[in-house]
Amino acid sequence: MLHFNRCQHLKQITQKCFSFIHVKTDKHAQLYLSRTFALAELRKSCHSTHSLVGDKNIILMGLPGAGKTTVGRIIGLKLGCCVIDVDDDILEKTWNMSVSEKLQDVGNEQFLEEEGKAVLNFSTSGSVISLTGSNPMHDTSMWHLKKNGIIVYLDVPLIDIVNRLELMKIDRIVGQNSGTAMIDLLKFRRQYYKKWYDTRVFCESGASPEEVADKVLNEVKRYQDVDSETFISTRHIWPKDGEQKVSTKFFSEAVIEGLASDGGLFVPEKEFPKLNCGEWKRLVGATYIERAQILLEKCIHPADIPAARLGKMIETAYGENFVCSKIAPVRHLSGNQFILELFYGPTGSFKDLSLQLMPHLFAHCIPPSCNYMVLVATSGDTGSAVLNGFSNLNKNDKQRIAVATFFPENGISDFQKAQIIGSQEENGWAMGVKSDFDFCQTAIKRIFKDSDFTGFLTVEYGTILSSANSINWGRLLPQVVYHASAYLDLVSQGFISFGSPVDVCIPTGNFGNILAAVYAKMMGIPIRKFICASNQNHVLTDFIKTGHYDLRERKLAQTFSPAIDILKSSNLERHLHLLANKDGQLMTKLFNQLEEQHHFQIEKNLVEKLQQDFVADWCSEGECLAAIHSTYNNFGYILDPHTAVAKVVTDRMQDKTCPVIVTSTAHYSKFAPAIMQALKIQEINQTSSSQLYLLGSYNALPPLHEALLERTKQQEKMEYQVCAADVNVLKSHVEKLIQNQFI
């Protein structure tokens with residue numbers, strides 16, 4: 001049976017676009033279809049035998065001393081297949097001398113060529129092959145091996161490698177010149193491994209060869225089981241016995257579609273992957289980029305995004321665009337309180353941590369022959385972050401992906417508005433709406449569910465709609481990384497030992513940020529309590545305390561913390577779905593009732609489950625300003641209004657038995673008027689840049705965000721459109737933007 005499931009959806013999208021776009025000689029699209037069918041043939045080979053290996057080779061790659069030879073022999077015994085060690089079975093037999101003798105005879109550069117030639121003359125199938133540490137440095141021979149093999153990277157701690165090499169009395173490896181330390185060369189070697197591996201075995205320190213071999217077999221099984229990691233809607237109804245199973249989605253499909261067709265949100269069908277204690281401890285000394293790659297590789301199947309490609313995306317996303325090399329550092333404030341600073345990205349808010357990466361995930365997942373219009377509702381920070389993120393795509397991707405962001409015209413700070421407007425690029429536009437965020441978000445959901453309109457856009461313009469709000473799984477997933485990273489930083493800095501619990505307090509509006517922390521706990525981070533901090537729009541606090549989500553007689557208040565001025569928290573549905581054991585029927589009932597009757601009540605057992613992990617409270621406007629003032633006076637640190645809300649709630653709710661990580665979601669300079677009011681600075685009526693310079697003169701922590709300061713100088717004269725709070729009006733604007741971009 002051909003396993004077309006994973007590629008069938010993209011094929012259907014491509015064929016749909018073929019029917020309506022003028023692509024009589026679209027070679028790129030033809031190549032895409034060819035690649036799709038080739039992938040199906042590859043999957044056929046993976047499933048054509050009961051053997052784990054089949055006709056493929058398992059190719060073990062890693063640094064010298066990683067244990068490839070020993071692990072390969074164990075795997076060969078388990079599978080009953082041929083084991084080939086490149087050193088012993090290919091090189092030495094070809095050269096009739098030892099590898100060390102050959103290296104001494106010809107030198108480093110010539111050795112790599114001779115080694116590559118020997119491998120090119122070798123061919124086998126259904127075997128376990130243990131590479132040399134230097135094989136990955138010869139491209140041609142690696143391509144030769146990769147054609148019929150699954151390359152497994154044995155990622156062993158460097159300290160273990162060095163200790164093994166010392167025990168083996170190996171003091172020189174290929175490429176090592178006099179004066180070069182072994183540890184430095186090993187670090188240098190890793191760059192050659194990044195582009196080759198299909199799957200990684202992340203080894204904890206001291207892991208035995210038998211344990212590593214079992215991990216290899218599990219990773220190969222996962223790699224070959226291409227249909228194992230699927231997503232369902234939160235409103236998915238499980239079939240009864242004898243009924244046909246409702247189709248699930250793959251990661252790439254969930255990212256492309258954004259919102260499920262039944263109005264629900266995509267969630268993993270199975271549990272989150274979990275790291276063991278040893279694996280987490282290995283990440284304590286890792287960089288943010290290294291942590292992100294390990295965690296996201298475990299959450300994204302390589303059939304959706306190959307590991308090597310994912311690694312490049314992560315390096316691009318968290319590279320030069322962040323003004324702090326630590327990306328998301330943790331700062332000790334006082335006592336047991338710590339600030340997780342998530343504002344060092346290009347637009348100064350926590351949204352950058354996901355929206356610098358998500359556009360690259362999205363561009364990889366979509367078929368090259370279709371145009372996509374990404375619709376985004378923003379309560380302040382998402383708008384500029386999504387426009388900036390998608391503007392960083394390459395030229396070809398920007399020609400087929402456009403972004404329209406809708407923000408409440410009078411519901412965000414002046415700086416946020418200027419930032420959104422100033423972030424418009426050739427593939428991204430800003431649209432003010434004469435209403436609040438809840439209307440913007442609800443309107444976009446209604447547009448997605450309007451099959452007549454979305455079908456018209458596909459037929460008329462060959463354009464498909466998607467989303468980049470946290471309702472999109474590709475947007476939410478990267479946020480898990482910084483919650484895990486914050487805990488690891490506390491361990492690294494010596495404040496706690498791994499396994500000690502922490503609480504997290506998060507200013508919460510749409511529930512995505514705090515939900516990402518829940519997912520971090522599911523992956524193994526020991527978070528004890530999730531403290532939900534609300535402002536005057538405290539519908540979530542009331543719900544967590546009572547189980548009653550009630551919007552009746554409740555009007556949205558505009559506050560100093562506009563990003564959490566939200567009454568309809570979309571991602572709450574994901575968490576309730578988890579608590580209710582994935583009861584899609586219940587989710588459909590609850591959220592249809594919320595839409596029609598503006599409230600719902602969950603049963604007592606669900607309230608109790610919710611309150612096992614969650615506590616909540618809210619903060620008034622006066623308390624928010626007072627917290628900014630007192631924190632600056634006491635610690636020389638300026639909180640933005642959202643972080644101030646969390647600080648107030650933390651002070652009120654914590655029991656001081658464990659550390660509390662307070663999530664700082666934005667840089668204070670984005671809310672200069674509120675900060676100046678809190679600090680009792682008189683000169684409020686100034687331009688944005690003047691306000692920032694004035695705040696900068698206080699020499700407070702965190703330092704002034706220079707990238708934001710530069711952008712304010714560019715943003716004051718750009719134009720944007722404003723529309724009425726009417727879904728049909730928004731549809732009209734979406735169609736006009738599509739015409740301008742793609743026709």
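I began with the helix pair α20 and α34, which are roughly perpendicular to each other, a label that covers angles of 65 to 115 degrees. This is a predicted model, in which local features need pLDDT of at least 70 and side-chain atom pairs count only at pLDDT 80 or more, while totals for chains, interfaces and linings use all residues. Residues are numbered from 1 along each chain as its sequence is written, and side-chain values use heavy atoms, with hydrogens and water left out.

I then looked up the packing of α20 (residues 437–449) against α34 (residues 727–742), and found an angle of about 70° with the axes 10 Å apart. For the contacts (heavy atoms within 4.5 Å), I noted that Phe439, Ala443, Arg446 and Ile447 of α20 meet Val727, Leu730 and Lys731 of α34. By class, this contact of α20 with α34 has five nonpolar, no polar and two charged residues.

Next I turned to helix α17 (residues 381–391), where 11 of the 11 residues are buried, so this helix is largely enclosed by the rest of the structure. I took buried as under 20% relative accessible area, with a 1.4 Å probe and protein chains only. Among the buried residues of α17 are Asp381, Val386 and Phe390.

Last, I looked up Thr234, which lies in the loop between β6 (230–233) and β7 (249–250) and counts as buried because its relative accessibility is 0%. Its side chain makes a polar contact with the side chain of Glu573 at 2.7 Å. Beyond neighbours within four places in sequence, I listed the contacts of Thr234, including Gly264, Arg574, His577 and Met587.

Notes:
Helix = DSSP H or I, 4+ residues; strand = E, 2+ residues; numbered from the N terminus. Buried < 20%, exposed > 50% of the residue type's maximum accessible area, 1.4 Å probe, protein only. Polar contact = N/O pair within 3.5 Å; in protein donor to acceptor, adjacent residues only side chain to side chain. Axes fitted to C-alpha atoms, helices over the stretch in contact; angles between N-to-C directions. Parallel < 35°, antiparallel > 145°, perpendicular 65-115°, else oblique. Nonpolar A, V, L, I, M, F, W, Y, C, P; charged D, E, K, R; others polar.
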